[in-house]
Amino acid sequence: MLSEETSAFGPGYPRAMPTGPAPPTPLGDAEVSAWRDEFPVLARRTYLISASLGPLSRRSRELAQQHLDLWERLGPEELWVDHGLPMLQACRERFAALIGADADEVAIVPSVSAGLSSLMTCFDLRERDKVVASDMDFPTNHYVYRANERRGLKLDVVASPDGVRVDEDDLIGRIDDRTLLVSTNRSLFESSWLMDLPPVVEAAHAAGAYVLVDDFHGSGVVPIDVHALGVDFLLSGALKWLMGGQGIAFLYVRRDLIPALEPLVVGWFGTREPFAFDRSGLHLRDDARRFETGTYAMPQAFTAAGGLDIVLSVGVETIRARSLELTAAVIELADEAGLEVATPRRAERRGGLVRVRMPGGRSQAEHILHALLERDVVVDQRGDALRISPHFFNTHDDLRRCFDALAALL
Ligand SMILES: Cc1ncc(COP(=O)(O)O)c(C=O)c1O
């Protein structure tokens, strides 16, 4: 829940923040037209890549401007204590509300890589040294595990059978009594395959292992309830589906695990009394914020709070329904164009993006990406495929414009 204190956006903020309940009916093109004005880029470009970078909203821009105005006239005490720290707390609370956590189970970290690196320093690898992961994870996860190989970690990587999915049973089959962690992305960044997490959590916990979820492509677009699911750790960031800009990422830690986790990467903002300037010992906070370290990317908390507010205002259930409708339409358009879809067709397995392979392979995909950008159609490319990722504010017209442009280029 957002507290009264921190959901207020501070003095001088020019407009009321809608925080009402999510609309009860699914959004159609007509209903989203009011939201489209919130994202100026939509008037100029066919923006279909929220899986990579969510667009800047008027709300986030106004909040960024508010930060600059405050900075211009205030000293650090007023700027940080009265405005910046509450804004960071608003981000924690909003992200927690999105994933079914409590705010004190959420730390703000600079990136998923930084949060994961810090978390890994908490584990004594003499007892359990194995991490089970898959070859469809975002590589930064593996880089952190590889770095920990220097202190004995063993990374056991399950191969995808087809470059689209990862079978939960394959992950489960690798869990043994040396397994520290099963690490998975909830929505795979290339194919958008959604992992079925409950059996993984159940098997991992039965074997005494933890489950870590990289949710960068899930939070904000596919509902999740971390408490109900029982995952131990979850990482995500503000810049994609949450439309919050760079520099703010989140680490969720299951409440009962927090006291025993003592990161080696620390800083004053992770201590109980940062402003006591006490050098006599290290007294980490009792909540997940023990994973926070030095001075925050404070300006980014303003833009992140704006993006999170929009996602909460629309509601993740509503976003999910709209996303499924739009991604189904992308698949239909790709089929009509005779292009291969390398994303699950089944709704319950499909996340927020659709990967469409280009017949001429990687170099053609690169060429088409740039040609589309010149035509103001914004998508991105991984290997031989384009990733098309509509958010709730996109329309069927956006999709048609994208495929018309594609047809002219193929
Ligand atoms: C699933 C996933 N995890 C992590 C990252 C990168 O995280 P960060 O740059 O915050 O370390 C990305 C991509 O940007 C991603 O898609």
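I found three strands in an open sheet, ordered β9-β12-β11, with antiparallel pairing. The edge strands are β9 (354-357) and β11 (380-382), each with a single partner strand, so one side of each has no neighbour in the sheet. From one strand to the next the twist averages 35 degrees. β9 pairs with β12 (residues 385-388) in the antiparallel sense over four bridges, and R355 has R387 in β12 as its bridge partner. For my own reference, strands (E, at least two residues) and helices (H or I, at least four) are DSSP runs numbered from the N terminus, and two strands pair if DSSP finds at least two bridges between them. Angles run from 0 to 180 degrees between N-to-C directions, with axes fitted as lines to C-alpha atoms, for helices over the stretch in contact.

**Ground rules.** This is a predicted model, where local features need pLDDT of at least 70 and side-chain atom pairs count only at pLDDT 80 or more, while totals for chains, interfaces and linings use all residues. Residues are numbered from 1 along each chain as its sequence is written, and side-chain values use heavy atoms, leaving out hydrogens and water.

I looked up R346 and found it in the loop between α12 (316-336) and β9. Its side chain joins that of E348 in a polar contact of 3.1 Å (a pair of N or O atoms within 3.5 Å; within protein, one must be able to donate a hydrogen and the other to accept it, and residues adjacent in sequence count only if both atoms are side-chain atoms). I also checked R346 against L324: they are 22 residues apart along the chain, and their C-alpha atoms are separated by 9.8 Å.

**Domains.** The domain assignment (automatic or from a database) gives domain 1 as 29-48 + 315-409 and domain 2 as 60-311. Their C-alpha centres lie 28 Å apart. I noted 26 residues of domain 1 in contact with 22 residues of domain 2, contact being heavy atoms within 4.5 Å.

**The seven-stranded sheet.** I read the strand order of this open sheet as β2-β8-β7-β6-β5-β3-β4, with mixed pairing. Which strands stand at the edges? They are β2 (106-109) and β4 (154-158), each with a single partner strand, so one side of each is left without a neighbour in the sheet. Neighbouring strands are turned by 20 degrees against each other on average, direction ignored. β6 (residues 210-214) and β7 (residues 233-237) run parallel and are joined by three bridges; D214 has L235 in β7 as its bridge partner. Helix α7 (residues 139-149) packs on the sheet, touching β3 (130-134), β4, β5 (179-185) and β6.

**The ligand.** D214 turned up again here, among the residues surrounding the ligand, which also include F138, N185, F189 and F216 (each with a heavy atom within 4 Å). Ligand oxygen atoms lie 2.4 Å from a side-chain N or O atom of S113, 2.9 Å from one of H217 and 3.0 Å from one of K240. Taken alone the ligand exposes 400 Å², of which the protein buries 82% (Shrake-Rupley method, 1.4 Å probe).
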